[in-house]
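Q: I am new to reading structures like this one. Could you walk me through a few of its features?

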Amino acid sequence: MRPNPRRKNEKDLDHPDCLEELSAKKQEALMAWIGKHFEPARQPYWHRSSYGLKHDFQRDTGIYVYNGAFKGAMLKSGIVPADEKEQNWHFKMKEKVQAI
């Protein structure tokens with residue numbers, strides 16, 4: 001991952017700007033995975049936080065991303081957090097029904 005000059009310290013690995021540090025290929029894979037599984041909703045999805053979801057992404061694809069990069073990808077997908085003051089965000093989203 002490329003360093004981001006806007007990050008001041010390691011704690012900033014939770015900042016959504018971390019998305020910019022991923023290669024284009026990894027960003028594309030992350031955006032595609034989010035688009036396949038989730039869509040924006042009015043109510044928060046309390047079952048998994050950004051931290052858990054990033055691990056689901058890693059399990060499915062073998063690609064590791066920081067929590068912040070996952071948050072940034074969700075924002076880019078139009079899916080907003082219920083409370084962005086939290087370290088691990090829950091998003092206003094719902095799972096997409098997968099076609100059989």
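Predicted model: local features only at pLDDT ≥ 70, side-chain atom pairs only at ≥ 80, totals over all residues.

Q: Which residues of α2 are buried?

A: An α-helix has 3.6 residues a turn, so residues three or four places apart point the same way. In α2 the buried residues are Ser50, Gly52, Leu53, Lys54, Asp56 and Phe57. Their cover includes α1, β1 (38-44), α3 and β2 (92-95). Just after α2 comes glycine 62, with a positive phi of about 80 degrees.

Q: Which residues touch the most other members of the largest nonpolar core?

A: That core has 20 residues, and Leu30, Ile34, Val65, Phe70, Phe91 and Met93 touch the most other members. Two or more residues come from each of α1, α2 and α3 (67-76), with α3 giving the most, four. As for Phe91, residues it touches beyond four places away in sequence include Tyr45, Leu53, Phe70 and Ile79.

Q: What volume does the largest pocket have, and which element gives the most to its lining?

A: Rolling a probe the size of a water molecule over the atoms shows where empty space is left. Here the largest pocket has a volume of about 150 Å³. Its lining includes Trp33, His37, Leu53 and Asp56, and α2 gives the most, with four residues. By class, the lining has four nonpolar, two polar and six charged residues.

Technical notes: Residues numbered from 1 in each chain as written. Heavy atoms only, no water. 1 Å grid on protein atoms, 1.4 Å probe; cavity = no way out; pocket = protein on both sides within 12 Å on 5 of 7 lines; lining within 4 Å. Points joined across faces, edges and corners; volume = space filled by probe spheres on them. Nonpolar A, V, L, I, M, F, W, Y, C, P; charged D, E, K, R; others polar. Core = buried A, V, L, I, M, F, W, Y, C linked by side-chain atoms within 4.5 Å. Buried < 20%, exposed > 50% of the residue type's maximum accessible area, 1.4 Å probe, protein only. Contact = heavy atoms within 4.5 Å.
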